[in-house]
Amino acid sequence: MSSGSYFPPPVKAVEIPKKNGGVRILGIPTVSDRIAQMTAKLYFEPLVEPIFHTDSYGYRPGKSAIDAVRVTRTRCWRYDWVLEFDIKGLFDNIDHELLLKAVRKHTDCTWVILYIERWLKAPFQMKNGDIVGRTSGTPHGGVISPVLANLFMHYTFDKWMGIEQPRNPWARYADDVVIHCHTREEAEQLLRKLNERFRQCKLELHPEKTRIVYCKDEDRKGSHPEVKFDFLGYTFRPRRSKNRYGKYFINFTPAVSNKACKAMRQTIRGWRMHLKPDIEIDDLSRMFNASIRGWINYYGHFYKSQLYPVLRHMNDALVVWARRKYKKLARHKIRAIRRLGRLAKNVPELFAHWRLGIVPATG
């Protein structure tokens, strides 16, 4: 690599279905190319990481999506309006010349610049074997792509906001952004400015994922057609909450989104536990408990009870498995539920959601 003689092979194009329909094309590099990209990333990332904004959360060390959700929740209590938007095909449409200009601003290392340019221009190898050239974008799936995307967005959006709109706080996770505003008029004016700014940088706001939302709660009067928005798998909307004195009130707060719940239920159905009567429940725990624990750790941070129906769906699947496995339970659903309920109380650590008290029950 230091000699400049390494040439990246074509990137394998893999189609991944999106939750809302359509497909996203991931660019999967070869193992050797992933090692090469990691080598460049380990050198280049420390040069740009210090200049990134504190409210940029995506693909950054020491930051997470939950951090972005948490700070957005707090700001929704302080600001009445939110401008939510998503960039249409960020990884596919990044302008190479603008990105390389930003790269050169932060390093004069010849081999780093050389290989970043080669990776940007490496063609796709399609499923049928065709080689397709690329004139824009950085492969969604490349090791170095997240750093390059963050660098591009730093100059396209983050720094621009600090200069043009310093009074409007925001949170960004890759191409998913929320900005807080005091008034609807302020949000509308900002949206017009953002459309112009992204056009200048050869990007486009996603028309179906861009909206102005009123953070409606008990104290905020008036109405607006949009009073909820999705951000990083959470839906922010007015919800019934209880304060420290036991009094109920309407609070604008996040909870796991319906779309995320649907995806988790589909995953549980995809495990097809009812077709695995030959294995023991300990085996089911080893196979699926990590996923359940991951859902709880991520979606259980805010308004955890919204996640409970998904966890009960997991219990239902376990009941079906038990009735398939044990002949004595085949015709007795209630008996199967009670048997699993006793097991859950005796061995709550078997499944992560059993520790929360979400156990099979007849009532």
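Asp 67 is partly exposed, with a relative accessible area of 27% (buried means under 20%, exposed over 50% and partly exposed in between, for a 1.4 Å probe and protein chains only). The structure is a predicted model, in which local features need pLDDT of at least 70 and side-chain atom pairs count only at pLDDT 80 or more, while totals for chains, interfaces and linings use all residues. Residues are numbered from 1 along each chain as its sequence is written, and side-chain values use heavy atoms, with hydrogens and water left out.

The side chain of Asp 67 meets that of Arg 70 in a salt bridge, at 3.5 Å from N to O (a salt bridge is a side-chain nitrogen of Lys or Arg within 4 Å of a carboxyl oxygen of Asp or Glu). Both residues belong to helix α2 (residues 65-78), where they are three residues apart, about one turn of the helix (helices, H or I with at least four residues, and strands, E with at least two, are DSSP runs numbered from the N terminus). Arg 70 is also partly exposed, at 34% relative accessibility. An α-helix has 3.6 residues a turn, so residues three or four places apart point the same way.

In the whole structure, 14 salt bridges are found. Another of them joins Lys 121 to Glu 117, with the closest N and O atoms 3.1 Å apart. These two residues are four residues apart in helix α5, which means a separation of about one helical turn. Lys 121 is partly exposed at 42% relative accessibility, and Glu 117 is partly exposed at 24%.

Asp 158 and Arg 172 form a salt bridge in which the closest N and O atoms are 2.9 Å apart. Asp 158 is in helix α6 and Arg 172 in strand β6 (residues 170-173), so the pair ties together parts that are 14 residues apart in sequence. Both Asp 158 and Arg 172 are buried.

Helix α5 consists of 12 residues and spans 17 Å from its first C-alpha to its last, close to the 16 Å expected at 1.5 Å a residue (the expected span is 1.5 Å times one less than the number of residues). Its buried residues are Val 112, Ile 113, Tyr 115, Ile 116, Arg 118, Trp 119 and Leu 120. The cover over these buried residues includes α1, α4 (96-106) and α6.

One cavity of 30 Å³ or more is found in the whole structure, and the largest cavity has a volume of about 80 Å³. On a 1 Å grid over the protein atoms alone, a cavity is a set of points where a 1.4 Å probe fits but cannot get out, and a pocket is an open set with protein on both sides within 12 Å along at least five of seven lines; lining residues have an atom within 4 Å of a point. Grid points are joined across faces, edges and corners, and a volume is the space filled by probe spheres set on the points. Of the 14 residues lining the largest cavity, Gln 37, Trp 119, Thr 138, Pro 139 and Ser 145 are the closest to its centre. The elements giving two or more residues to this lining are α1 (31-48), α5 (110-121) and α6 (145-164).

The largest pocket holds about 1500 Å³ of space. It is lined by 43 residues, of which Arg 24, Asp 86, Asp 176, Lys 209 and Lys 259 are the closest to its centre. The lining divides into 17 nonpolar, nine polar and 17 charged residues (Ala, Val, Leu, Ile, Met, Phe, Trp, Tyr, Cys and Pro count as nonpolar, Asp, Glu, Lys and Arg as charged, and the others, Gly among them, as polar). About 230 Å³ of space lies in the second largest pocket, to whose lining α4 gives the most, with five residues. This lining has six nonpolar residues, one polar and three charged.

Most residues other than glycine have a negative phi, and most peptide bonds are trans. Phi of Lys 202 is positive, near 65°; Lys 202 is in the loop between α7 (184-200) and β8 (211-214) and is exposed, at 53% relative accessibility. Phi of Tyr 303 is near 50°, also a positive value; Tyr 303 is in the loop between α9 (281-299) and α10 (308-325) and is partly exposed, at 29%.

Conventions:
Contact = heavy atoms within 4.5 Å.
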